[in-house]
Every structure is written in structure tokens, then in C-alpha cells.
2 protein chains.
Amino acid sequence: MNQNYIKPDSWSIIEEGFNTNRVESSESLFSIGNGAMGQRANFEEHYSGKTFQGSYIAGVYYPDKTRVGWWKNGYPEYFAKVLNAPNWIGINIEINGEQLDLFTCKKVENFRRELNMKAGWLSRSFKATLQNNIQIEVETKRFLSLDLDEVGAIQYVIKPVNGDATITFQPYLDSGITNKDTNWDDKFWDTLSVSQENNQAFIQAKTMKTDFHTCTFMESEVFVNGKPVSIQPKVNTDKQFVSFSYEHQIKKNDVYIIQKFGGYTVDRNHDKTKLVPAAKEVLKKAISLGFSGLLENQKQAWASIWEMADITIEGDVKAQQGIRFNIFQLNQTYLGKDSRLNIGPKGFTGEKYGGSTYWDTEAYCIPFYMATKDQQVAKSLLEYRYNHLEKAIENAEKNLGFKNGAALYPMVTMNGEECHNEWEITFEEIHRNGAIAFAIYNYYRYTNDYSYIPEKGLEVLIGIARFWQQRATFSKDKNKYVILGVTGPNEYENNVNNNFYTNYLAQWCINYTLENIQKIESEYASDYTRIMNKVKLSKAEMNTWKTVADAMYFPYSETHKVFLQQDGFLDKELVTVSELDNAQRPINQKWSWDRILRSPYIKQADTLQGFYLFEDAFTTQELERHFNFYEPFTVHESSLSPCIHSIQAAKLDKMEQAYAFYLRTSRLDLDDYNHEVHEGLHITSMAGTWMSIVEGFGGMRIKNNTLSFTPKIPKEWQGYSFKVNFRNRILKVTVSNNKTIFLLESGDDLEILVNNKAVLIKNKQLQTLNSISA
Amino acid sequence: MNQNYIKPDSWSIIEEGFNTNRVESSESLFSIGNGAMGQRANFEEHYSGKTFQGSYIAGVYYPDKTRVGWWKNGYPEYFAKVLNAPNWIGINIEINGEQLDLFTCKKVENFRRELNMKAGWLSRSFKATLQNNIQIEVETKRFLSLDLDEVGAIQYVIKPVNGDATITFQPYLDSGITNKDTNWDDKFWDTLSVSQENNQAFIQAKTMKTDFHTCTFMESEVFVNGKPVSIQPKVNTDKQFVSFSYEHQIKKNDVYIIQKFGGYTVDRNHDKTKLVPAAKEVLKKAISLGFSGLLENQKQAWASIWEMADITIEGDVKAQQGIRFNIFQLNQTYLGKDSRLNIGPKGFTGEKYGGSTYWDTEAYCIPFYMATKDQQVAKSLLEYRYNHLEKAIENAEKNLGFKNGAALYPMVTMNGEECHNEWEITFEEIHRNGAIAFAIYNYYRYTNDYSYIPEKGLEVLIGIARFWQQRATFSKDKNKYVILGVTGPNEYENNVNNNFYTNYLAQWCINYTLENIQKIESEYASDYTRIMNKVKLSKAEMNTWKTVADAMYFPYSETHKVFLQQDGFLDKELVTVSELDNAQRPINQKWSWDRILRSPYIKQADTLQGFYLFEDAFTTQELERHFNFYEPFTVHESSLSPCIHSIQAAKLDKMEQAYAFYLRTSRLDLDDYNHEVHEGLHITSMAGTWMSIVEGFGGMRIKNNTLSFTPKIPKEWQGYSFKVNFRNRILKVTVSNNKTIFLLESGDDLEILVNNKAVLIKNKQLQTLNSISA
């Protein structure tokens, strides 16, 4: 971990010095996105060293054929692949006939990269000495507009510093790309047309199989010392490529500048026959604003996001940088504007996890988006699953032989179909179904907006309840219902029986569904009739659900007074992580799979995840007992783990642990704890980082329909603040060592609980409380 | 199942009538082989319908790259692929310029195929009407010589029956082949040279990566009405192809005949630079014998195999055909001549199971080869594992982190390295290690030849004992040693804890190894010193083994008084197979994997497999209780299952079941029980068929170092007989309804047990006993 090359800074991610071994990691860390598209921080100019090219368009994927040694029934025919999209950022550069390539330059000095999170841009500067001994100074700036989300802009500035030079900018578009994870250099794009006129160029291409039509476009302008120059470019077009060459003689210390605007129009938003006109339209807007106008809008747009979402931390710049990086990346990935999209675990920063939606969305991301955006955003994310209900029913029916409208949501999906093909995940990691139900509950608990449940949510709940009832098995031996053959959140166990978390969720889902059916029957009669007509649910069926929920089995150790993660957990050799040789870690890179499986090591919170979701069902003493039992075996090799442990450690006043877990979750990628940042960032777990401050240190909960806080502060910090949008009130919470200040920035007066005491917060009046006393 | 198109016949497999849907299944069923090479029953002439081409050379494989969606540590980099080898059997045929192709003929009449098991040849005859209305009668005969095992011979006879015709035979060699299971039409062969002189042709080719060098060769002669004709053939050569065209005008009702000799010389047997001279040498021998001379030798060679290995059954021709088919195929696959080879589960009949050695060899094949061949053959099979011991140690060390010379043999191998890549098999189906130890014990038990153990076997046993000790985990909870995370023989369970069979084997392996160490210490002092110096085994280490073996845990149900297949078996919904809708079977083709895993259904004998191997450790009452408990849940979707159940049913006097299982095992492929015969035959389980007669009905055992029988007979049979080579005595056993006749055909007088009574069998004297009384 900790490559330690990212400079601590409260608002920026900064790298200084050029190191060819870090290029791929930096490409991930400096990624930019605007919810509609995103890209790794690849250089604009040619680079012959190790690099991982990636530009991604939201919602554009490819169903790659599943190849496994031994086919098992029910495997999906394909798995969705996040597709590397045509390259529009490329600008080849020639200086006196030599191509600029940082890998082959004689010298690269003063290399600096900055991702400015406050304003949403990426810049790079360096001084390079080419093989031909020409020295140039370069400054680039790039951003993807939040405002016009089909377009991005690049400014590339070159100053020759040891003599005059002939410089050529060759901006280009290239659809002759493929994926890094392609197995046999397969192509995934069909290029349909390449065209250009004046300074504009367009490549129309569609994805194979899925037929997503796109137009990749660009337009460029060049300047000398800030003044536009009119150069008739040389045009070069090929089957999957088009470029313009702007050659110019530049005097020593003069600057030659190109501003390139480019991006994608896609058939999710336009008629597929009108993608070029749409591209021209957005280019026109961008050009008329100009690079600086568009950049100004960018600053504004980010300012308004930060206004609501920022978290400040005083006295700990690394912690501050970490949380901002997390909030920034979440907003780069998903802004809640389009309910057809969702939040991919790697966002727009890599290819891995070939599918955009995991249970991460429901279990981790929804709380963040509920509290920092309009509640419509969270509702959109719920609707995404409602829209996939039919496919989830088909999945349970076709693959598992379930009947009667039981729904199994996919583990990984792009369009509602399962697109993962390890049996131990696809077929067995069924707890995802519970998280989807929990999100419905969580949305109502937080927003108090019940309308979603009679409108759509109940149908989802019914499908899920049906699944759990059918998935449970009556064990004569135990005289209880058991759930056999599952993988819990801890994926370092496969095919176990009676995973506590799964069984608990199953029981909860059934009870919660029954509770809502009752409520809707009495309070929403017409919805009730409509839904019951649709789902054909009898009292008898509901009774069978109830029978299963009431007699659900939970493995428990009388010796340890803890619920067991699964049957047989105590048969393991219970050697704690601290006794494990460091050379053996991370175990997923050092150990064979069987060894991991029979070890006691827990990849991520599992039983404790249950205690997190259903906190009120357990006493603090029970939580502490379980935390003390499981934490020592947890290796946190999933990005989704440390945040939960941080929240629980804070609750248990284990503030040193809480802080350590906070750093681990917030700087997971910045410090590369898991040795994999070059593959991309862990986006969805970043919402967990947010939770570890707001729910962990801030202690935010909803208790009996009331917003509640139990503020605590790590000793390393002087203070921290966050804001939440709670039921259309914007509440700012500022915590320091000896007090907590609440400011209701907008909305009606609000009674909250602070350390379990009711406090009335009045609009725009500061309310200062001693935060530490109970 | 039961396609019912194979005609019952005691010595031949016969198909009548041409059905294009059966071609691939028949290609499997009529496969021929001679231990060194083999081939599916592809037509010699061009066939444009659905066909599965396959010619295989023993020991020639390809390490195909492993591709899995999610890599797990320790996965082998490659899996071995059984390679389709260059085609030498092809003979294209033209009749008046039209290519003969049974798929496009106007009419095919009197089609008949016969695999004559007594003499080891395959024939085909038919009358075809071509598109050009020419009618021909065809008769072909083909065999792979047992005598000269590098060569095969084909005779192809054509008679035009409705007019004169110009007929061309175009015998060819073709190395431009690939595998059916290739994913992207990859090529696996490099053709090095194509040459021809006179009527001979040669293609030298080597496998990619593995560099197995081969020369595929042919020589042909043509005849009219039995008289040689000298035709100067037209030669056609290409990069991977060579052919000769023998054109001749044939009068109506005259016959045109080609005799083609061909085959492979390989660098396992010759210097790779001398493969063409070696091919010429063997061709010279074959040609000088001529087709009929070679065929005569073939009959002799098979006669001598049958002399020892035949089993006769009176009054049940399907049962007779079944057992002969099984014995025939085993002998086609492996004759024990080369200790570098082993017995692939599909033999030379298909590509599936890309590796030649499974635990099938030790658990199923060794008893057959011990009893029907010289004991050296079984010893060879044991040595095969001894020769791979270093790789097994490396496997345990590198992949599982084991130390100290613990050995884990691969689940599937070609050269001692693991070449299977499902974690639940590769890493977890570790009971294979036990079968390898058991085979050492079994060899000694049957042959009384102890020499192998001090020479080589003990080192293998020590590596295996070390493995089990390290693989077991001490459970504080149970105060016992447990074995976590395994897949037992029943592959319809994965990653279970305390599989009874595995735990029992582990305990047995340790105890057996300790017993042998003690014996060798006291009786083979110099071997003892040599081995201990090599393996560095301390008394302390042996004590840790003993601790594990003594405290091994076995899951047991007090309610049912049975050992449980694994922890938690009783949590399943125990619905028997008979209650299962037939439309749901075979479950491995109808159900998703999770559903199979959480069902109680057993793919193949698992706990009962343990009772089979360690029969003497349990009472007959215990066996009966376990049989009655597990049999109802067993779906026998592994070819290795029915034979074990047949043996146990016979022992328990459940003769109807024993007979039904016998038919299932013996006619598994002939009647295609598992809907997969088109992929190839199940060779290794055929040894189980032999066991179900000899050990099942015949009740053959070794009891206290004495050969023992308890003969029984299914009511469907009038009698049956088999022969065994027991310690250099050839004993023929003939069982009928009211008596059993023993004839010691050669060797010293022998005291045996019949129904637990001692009987002295004298050389060449018939001994007749009432077989049914106890």
C-alpha cells in the first residue's frame, strides 16, 4: 500500500515528478468524469510506455461471450463488459519532426499533475528535452463539462525554450480501439462512417451485438501567444481514424496553443440517425462559450455540488483530501440525472467488474445520494430495480426453477439480466436481494416519502419475499428453516449453510413485506387491489412466508455468545489476522482459493454488516461482542469493509480503530491499500467513506422517525463538518472537540436528537451543543 | 437413454440402417484403438453431414491456455487438451466425377456397421445411389493393429451395380485439422514437411508448445476383382495435405478395391529426426504381411486377450454384449505396455476430459488390469504416480503453502502437473490422494508382491500422509480434527466440511503409512534408511500424524445410525429420486448448479464408495443401513456410480437392484443413459462393470490373504463365467443357477474361500460347488 506519491492537499490530487512505473496508477487516480462519460487520465499525446487506455460512455456495454471450462446450467450466456470507447482526447505532437513521447524523451523535468476537485479539471505540466535536443515547456488542462455533458475540452500549451521550433498539433479521433481485457484482441466497435468538414470531425460507430450508436466528435482551434491563428490543417482520414494537422513555426519562448473540444453523442439521448447534427449542436454551444467560458461554468457547477456535499476536516490534510476525493469521484460517476443509469463499482476509471450495478448501489450509495442530492435521485435508483423486476422474476424462474413471481435480482447487471458467471457468486450470493428490499425501507425511513412503496416498491418486495420463502428449506433435523448453499457478503466463503446475514435478511424481508401489505391494504385500498390483481398473492401464500420467517434458523454459539457467520464457523482454526505473517497478505494475492476458504479470514463485514443494517435489533453490548469476535479475523480485502467497521468502532468508542478504518476507506485508492489502483478506482465504496464520517463520527441515524446524532471526533482532528438534506431541510453539522454546531440552512424548524436528547433546530439559527456528553 | 439402435449380439456391435442423426453417436460407439492410438468411427470418404472428427495418439496433448472470468490463485496456467491428430484414414472417392458423400446420396440402402470385438475390426457396408444415378455397393473394413501398434489398415471395396463406372480412390493425409473443443479455431499442430514417393506419403508435424513430433504416413495398393493393378497415381500435395488419385474404369459388378495402410510414428518411441525412416520400416512390415496377414494377426492378438479377459453370460445377450463391449474398450485404450501412458476417461473416443489421468485409474481400473493382465501392468500404473511424486509435492507447496514434502496429486494430469481449473475440483476434490494410496495397498493385497512398497510406494504414502495431516484442522469446538472445504466423489456438493469419505480415507492413509513404515523399518532396514534419509521424517512428525488420525471427526446421525456424507447433510430437503419428476432428469442438464448443490441428490457413490473400499471395517448391517439411506438419493449421473451400487446390492442380496445397476453400468454408452455418447465413451467406468460381475455377482474378495468368492446370479441369467489371474494362477469361475465350477487353468494348487468355506482348487481339476448355500 501507500505509494506515497500523492501530495497531501486539501482540494487537489497532486503528483510531482515523472515515474514511468506510476503511469497506470495515476491514470486511475486522476480520472475525470461527468456522469455521462468519463476517462482515465491518459496523456493526450502519444505515449509508448505502459499505459491503460480508457474512455467510457455511461450505459454503453458489450455482452462478451462467457467462456468457462465446464459449463453449468443457468450460467448467463454472456457477461457485460464495460467498453473502452473511441478516443477523442488524442493530440499527437511533433516538434521539428520528432514525435513528443514522454517515454522516449531525453529528459522530463518539473512534471506535475493536478486533479483540481474544487473546479473539476485535470492539468499537467512538464519540461521535456526531446531526442533532437529541443526543449519545450508544456501545460495542459482538461475537463468534462458538467454543464454540457456530451462535451469535454482540452487546452494544450507548448513553449519551446531553447530555440525556435516547428510544432504540429495533430488532434484526432480513433475508433480502432479495443479493451484491455479482451482475450483475443476482439473488436467491439463497428465504425460506420468517418467524416470531417472545416475544423470538425465525426466518427459514427456502433457497438457490436448491443448496437449502441455513438458519434465521437471534435473541433479544434489553435492560438499563438493567446491570439487565434488560422491554419488550413492537413486532413488525414482512414477507416477508423481522422486527424487534422496544424503545423506552425514557433519562436523561442512563444507559446503555441490548441483548444480541442470533443466528446460523444449517443442514441440513448438522440435519434441514432441524428447523432452528427446533435454533435454539431453541442460543439456550437461549446465553441461559443469558448474554453474559458466552459471552464468557468465548470467551476460553478462543481461549486454547487460542493455547496451541498462537501465535508471539511480540520487539522488532518490527508483525511480531508481523502473524503473530498471520495465525494468528488462519486459525483463524477453518477449525478442522478438519468434513471437508466446506475453506479458502476469502477465508475469511468477502469474495465474491471464488467457490469454497472451491484448491491453496492443499495447498500452503500443510496444513503450518500439521499443526503446530498434531491430525494428524486435515490428514488431513481430504486426505480432502476423496479424496472428490472420482470427480468428478476424470469431469472428465478428460468434458472432456479422458482415459481409464482419469485424474483432473484442479478448480482451484476447492465440491463436487468445477470452478467456474472461464477456459480458461487451468480447463483449463491443471493443476499443482494435483501439489500434491494432494505433500500426501499431505508428510503422511506430517511425521506418519510411512503408513496414509492404502494406505487412500485411493494411489487419488488413481494417478488423478493417470495424468493426467500422458496429458497429456504425446512430442516427436519433442526425443526427450523435453513438457507443452504450461499455466499454471504464475505466472499472468502462459498457455498455455506445458514449464513447469519443472509438468513437474517431473508426473515426481515418477509416480515417487512407482510407489514407493508397490511399497511397498504388498510391505507391505500386502490393500490392494494391493483397490486394484488397483478401479483396474485393469496393469504395462504402469505402464511407460508410467515411460517418460514418465524422459524428461521440462526447459527449461534453459546460459548462465545455470538451469532455464527455460518454453520461450522467454529470448526476453523481461529488464528487472528494480527498473528498472520504480513508476507502472506493480501491473502487473495498470496493464497490459493481453498486455503482462503477454509481459513477464518473475512474479506468484508458479514455478520457485522447485518448489525450495521439492523442496528436497532441488537443491543450495544451485543454489537460489541460481535465486533470483538469478528474484527480480529477481518482482512478488509474488499473495499466495502472498512467503512462499516469504522462506523461500528465509533459507536463503540473505539476511536483509534474508527480512525484507522476511516483512513483505510477514504484513502484506499490514494494509498493503494490493495495493490490494484492501476486497474481503476473503487467508486461505490467511496459512499461508505461518506457514511463513516456522517454515520460513524457524526452518529447520524433516524430514530423513531427523528434525525439523530451522537457526534464524536477522532483525536487527530480539530473539527469536521458535513451537511445533509433531510426531508427538504439543509442541515449543516460542525463538530469540534468540545462542541457541535447545528445550522439549519434552509427548511422548516426541525426537532432532532443529539445524544438521545431532543433539540429543536430553528431555521438559520446556530445551535451549539456540547457534543461529547451523553 | 436407450436409443435402441444397437442390435443385440454377443460378439459384435451392430447398427443397421443409415440415420444422419446417429452419426456422431455411432462414431463414438464404433471407435477403435490399440493402446497406442485410436480413432472415432469416422467415415473414410467425405461426409458433409454432422460429424465429429477424431484421431488420437496416446500421450500427445496440448496445454491450452486457461481462461476464466475471475482468476484465483493457484489455478493452473493451462489445461491439457486431448488433441485431434492428423487424419490418415481419409479416402475420397469419385464415381464418374461425383464425390461419394452419404449425406447427399439419393439413397442409402442396406447400411450396416459392425464392430467385431472378437477380432478387433470395424466394418461398414451399404448400397448407395448417387445423384448421377450410379448405384454402388460398398464394403469397408478397418482395424488398428495390436501387433504393429503404429499401423492401421483399411480395405475399401466398391462394386458398381447398375453400369460401368469410372472410380477414383483418393487416399490422403491431412494435418490441417483442429479440435472440436477449440474456442477460436486455434490450430494446435505445426506441419513441418509433406513428402511422398511411389505409393507412400508422409507428413511430419509437431504439436505447438508441447513439441510432440509425429510422422503421419500412408501407403496404398489397388486391386480389381482381387488382382493388383498398377496405376500411376496423380499426386496432389499442399502445405498440410497430400493425396494420391487412383482412377480406374470398372465394369458393372466388378469390384475395385483399395487397401490403405497408415498410422503414426512418434518421438516417444523414435528419435524425432528418424520418424520417416521408422514409418517406412513399419509400412514395409505391414505391406509384406498384407491386409489379410495383418488381419489374421489381429484376430490372434485379440484371441489371446479374450482368452484371459472374457466374461461370458448365458441367456442375456444384452448383458453379454455390454460386458464384452466394456472389456473390449478397456483393452483398446490401455494395454499396459508403456508406463508413461495411462487411461484417459474417454480413451481414444473423444476430446472431453482434457487430461489422461484421473483417480479413476486407481479406484476403478487397477483391479481390472490386475486380474486380467500380468501384474506388471498394475505395477506400471502405480509407478506412473511415483514418477510424478516430485510434481505433487511442488503442487502442495506452491499452491497450498504446504511444507515438508506433503504431496497433493493433481485431479487431472498428463505429465504430473494439474491441468484442471475449477477451484472446487482442482483445490478441493482431494480424495484423489487417498485413492492413490489405496491402490498401493490394493496391489499388495491382490498380488502379495510387497516389493513395490519399500522400493517406491512408501515415498508416495509418506507424501500423502503428510498432506492429510497438514490439510486437517483442529476444531476446538468439536475437540476433533476436521477436514474443511472439500468436494467428495459426489461432485454435486462443493466446498463441504467433513465429507465422510474424505475424512475416512485421510485417517486410513495415515494409519496405513505408519504401519508400513514400521514394517519396513523392521523388515527392510536398508530401504528404511535410504527412504528416511530422503524424506527426512522424524518420530515427532509421525506422532503429529497419529494425533490427527486418532482424533479424526466423522459426522454421524444418531437418528438414522448412519455416517453423514458431510456436515449438515440432514438439513437438506430429503426427497428421494423416485419422487422426482422424470422431466427434471438428468438434473445436471435441467437444474442450475445452486439447485443441484442444495438438493440431497448424489451424483455418484460417496459414503458408499468408502464402504466399498473399506468393506471389512463395517458390518453387513451397517452397509445395509447406509445403502438403504443413500441409494434413494443417488442419481448416478456419474459413470462411476452404478457399478459400486451393483456390487453392494449383490452383497446385500438385493439382486434386482444389482442387475439393474449392472445393466446401467455395462450398457451406459450402448444405451446412452446420460445423453452424451456422441461426445465419446466412458472408458474408465467400464472397469467398474467388470468389478460388478467379478466382485458383485462373483463376490470375489481377498480375505486374510486368501482369494474368496460368494457367487450369486441374477435371475435373468442362466450362467456366467470369468477368469482371473491371481498370483500367477489362472482361475476360471463358472457360475450357474445351482452350482459354481472352479477350474485352475494354470499355476499351483490354490486354497480359496467359497461362501466363507475353505476349498482347495487343484491344477486343471474341475471343482464343482453348490454356489448358493452359505
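I count two residues as in contact if their C-beta atoms, placed from the backbone, lie within 7 Å. This is a predicted model, where local features need pLDDT of at least 70, side-chain atom pairs count only at pLDDT 80 or more, and totals for chains, interfaces and linings use all residues. Residues are numbered from 1 along each chain as its sequence is written, with chains lettered from A in the order in which they are written.

**Entry: the interface.** I looked up where the chains meet: 43 residues of chain A are in contact with 43 residues of chain B. On the chain A side, helix H6 (389-400), strand S23 (473-475) and helix H14 (593-598) each supply at least two residues; helices (H or I, at least four residues) and strands (E, at least two) are DSSP runs, numbered from the N terminus. H14(A) gives the most to that side, with five residues. I then checked the copies against each other: 100% of the interface residues of chain A are also interface residues in chain B, so the copies meet through the same surface.

**Entry: the symmetry.** A turn of 180° and a shift of 0.1 Å along the axis give an RMSD of 0.1 Å. The two copies are therefore related as by a two-fold rotation axis.

**Entry: one residue up close.** I picked B:Ala396 and set aside its neighbours within four places in sequence. B:Ala396 is then in contact with B:Phe402, B:Ala406, B:Ala407, B:Leu408 and B:Phe467.

How values were computed: Copies are superposed by least squares on the C-alpha atoms of residues with pLDDT of at least 70 in both.
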